[in-house]
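Please have the structure open beside you as you go.

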Amino acid sequence: MTKKTRKPTKAKPATQRKKAALKAKSAFNPMQHLRIAGYVFAGAAVVSIVALAALFVDFRALPGQSVDAARSAVRFAGFKVDHVDVRGAQRFSYRQLANLAKVNHEATIFGQDLGEMRTRLEKQTWVKTARVSRHLPDRLLIDVIERQAFARWQRDGQFYLIGEDGAPFMKIRRDEWRSLPIVVGEGANVSVARLREALDAFPYLSSRLSSATWIGARRWDLLFEGGVLVRLPEQALDEKLGQLSRMQMRDNLFASGPMRIDMRMDHMLAISTDPDRFTPKPKPRRAAVKLNTTAS
């Protein structure tokens, strides 16, 4: 029998050897994928543990190096304050409120004392209420309700801005905030809310009110533009203002110059154009004559 001779194999080119090596590396290796998944899970667990610990651990109670390490870990995990959002502010920018609240951009979001921030903000003249909240991972939200100037209150020769609740919140000069009416008298700041509520139904009267004086803690004297002084009764405030509004539309009272209108009487209206003249008072009713029906 004749023996077959094998042909010598030729060495594979370098390009083929590289392709074979890459193919071997890219082959699915379950153990390798499990190791990668384990690393990812462990990293996520560490970040979660650090974040949860930051919620309950007071960094100030830790030693100095531990504090720095803990804060660095939380910042590394993405819990650093990068954004400050503001809602409800008209007089302040977000930067001004952040500075007033003293937001520490170097501290973590968990290292911000939200109660202290709220206290600092509510000490500001124009801030009525404030609330600060965390929005993970890196955002603080500041909600404010600002005060609204309602009127100027004159007391003991001083002037104050008051809000809708009547509370004075800022001392001013007489010539400031001239668009707001002046209320005068002890307790006028608290009682003016009812007056403004009644005047809201009569925009023409409301827009021309110069001052309102609270008389005897019982009733109002209203001074309108042009020097028209109106004395209102204790009761029937809405009814009397409605009557005054109809008189103004019919007779254009405010264009007639200074006058005094006394509306305190039930069935009588007194108008005086002489500032030195006292308002006449209604005459007392005569007593009814009792008839003697006894037979003589």
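1. Let's begin with a pocket. Helix H7 (203–207) and strand E8 (209–215) each contribute at least two residues to the lining of the second largest pocket. The biggest share comes from E8, with three residues. Please keep in mind that this is a predicted model.

2. How much space lies in the second largest pocket? The figure is about 270 Å³. Its lining has 14 residues, and those closest to the centre are Arg152, Arg178, Leu180, Leu209 and Ser210. By type, the lining splits into five charged, five polar and four nonpolar residues.

3. Next, helix H4, which spans residues 94–101. Which of its residues are buried? Leu97, Ala98 and Ala101 are. Viewed down the axis of H4, the buried residues fall within an arc of 100 degrees, so they line one face of the helix. As a reminder, an α-helix has 3.6 residues a turn, so residues three or four places apart point the same way.

4. The other side of H4 has Arg95 and Asn99, which are exposed. The buried residues of H4, for their part, pack against strand E1 (83–87), helix H5 (114–122) and strand E3 (139–146). Just after H4 comes Lys102, with a positive phi of about 60 degrees.

5. Finally, the whole chain. The protein chain has twelve strands and eight helices, and 31% of its 296 residues are buried. Of the contacts with a separation of 6 or more, 47% join residues 24 or more positions apart. The chain exposes about 20,800 Å², with carbon and sulfur atoms supplying 54% of that area.

Definitions and conventions
Residues are numbered from 1 along each chain as its sequence is written. This is a predicted model: local features need pLDDT of at least 70, side-chain atom pairs count only at pLDDT 80 or more; totals for chains, interfaces and linings use all residues. Side-chain values use heavy atoms; hydrogens and water are left out. Helices (H or I, at least four residues) and strands (E, at least two) are DSSP runs, numbered from the N terminus. Buried means under 20% relative accessible area, exposed over 50%, partly exposed in between (1.4 Å probe, protein chains only). Contact means heavy atoms within 4.5 Å. Accessible areas come from the Shrake-Rupley method with a 1.4 Å probe; for residues, only the protein chains shown count as cover. On a 1 Å grid over the protein atoms alone, a cavity is a set of points where a 1.4 Å probe fits but cannot get out, and a pocket is an open set with protein on both sides within 12 Å along at least five of seven lines; lining residues have an atom within 4 Å of a point. Grid points are joined across faces, edges and corners, and a volume is the space filled by probe spheres set on the points. Ala, Val, Leu, Ile, Met, Phe, Trp, Tyr, Cys and Pro count as nonpolar, Asp, Glu, Lys and Arg as charged, and the others, Gly among them, as polar. The arc is that of the directions from the helix axis to the C-beta atoms.
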